[in-house]
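I set out to look up how the chain packs together. My entries follow in the order in which I made them.

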Amino acid sequence: EKLDISEEKLRLTNHLNYFRETLALGGGQGKKLGFILQEIGREINTLGSKSNHHELQKIVVQMKDELEQMKEQVLNVM
């Protein structure tokens, strides 16, 4: 059960969809986008902690890198 990541993948997908929807709304959404990115980060961390697979660990590191870049960009628009 600890290794099952389907729930985290679903939540991550939902957060990403919500991020895209919020981004499409335009101006004044910086703080909201920041909060959504926090939730995305939590799911990524959970995926990493549950993963015993080397390739998935590499993907988690890539996702964290992309997430940090997204956070920087959101800060630039806030």
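I began with the largest nonpolar core, which has 12 residues: I5, L12, F19, L33, I36, L37, I40, I44, L47, V60, L67 and V74. Such a core is a set of buried Ala, Val, Leu, Ile, Met, Phe, Trp, Tyr and Cys residues joined through side-chain atoms within 4.5 Å; buried means under 20% relative accessible area (1.4 Å probe, protein chains only). I noted that α1 (6-24), α2 (30-50) and α3 (54-77) each give two or more residues to this core, and that α2 gives the most, with six. Helices here are DSSP runs (H or I, at least four residues), numbered from the N terminus.

This is a predicted model: local features need pLDDT of at least 70 and side-chain atom pairs pLDDT 80 or more, while totals for chains, interfaces and linings use all residues. Residues are numbered from 1 along each chain as its sequence is written, and side-chain values use heavy atoms, without hydrogens and water.

I next looked up L67. Leaving aside neighbours within four places in sequence, L67 is in contact (heavy atoms within 4.5 Å) with L37, I40, G41 and I44.

How do α2 and α3 cross? I found that their axes, lines fitted to C-alpha atoms over the stretch in contact, come within 10 Å and cross at roughly 170 degrees. The two helices are therefore roughly antiparallel (over 145 degrees) to each other.

Finally, I turned to E8, which is found in helix α1. E8 is buried, with a relative accessible area of 5%. Not counting residues up to four places away in sequence, E8 touches E43, T46, L47 and K50.

Notes:
Buried means under 20% relative accessible area, exposed over 50%, partly exposed in between (1.4 Å probe, protein chains only). Axes are lines fitted to C-alpha atoms, for helices over the stretch in contact, and angles run from 0 to 180 degrees between N-to-C directions. Angles under 35 degrees count as roughly parallel, over 145 as roughly antiparallel, 65 to 115 as roughly perpendicular and the rest as oblique.
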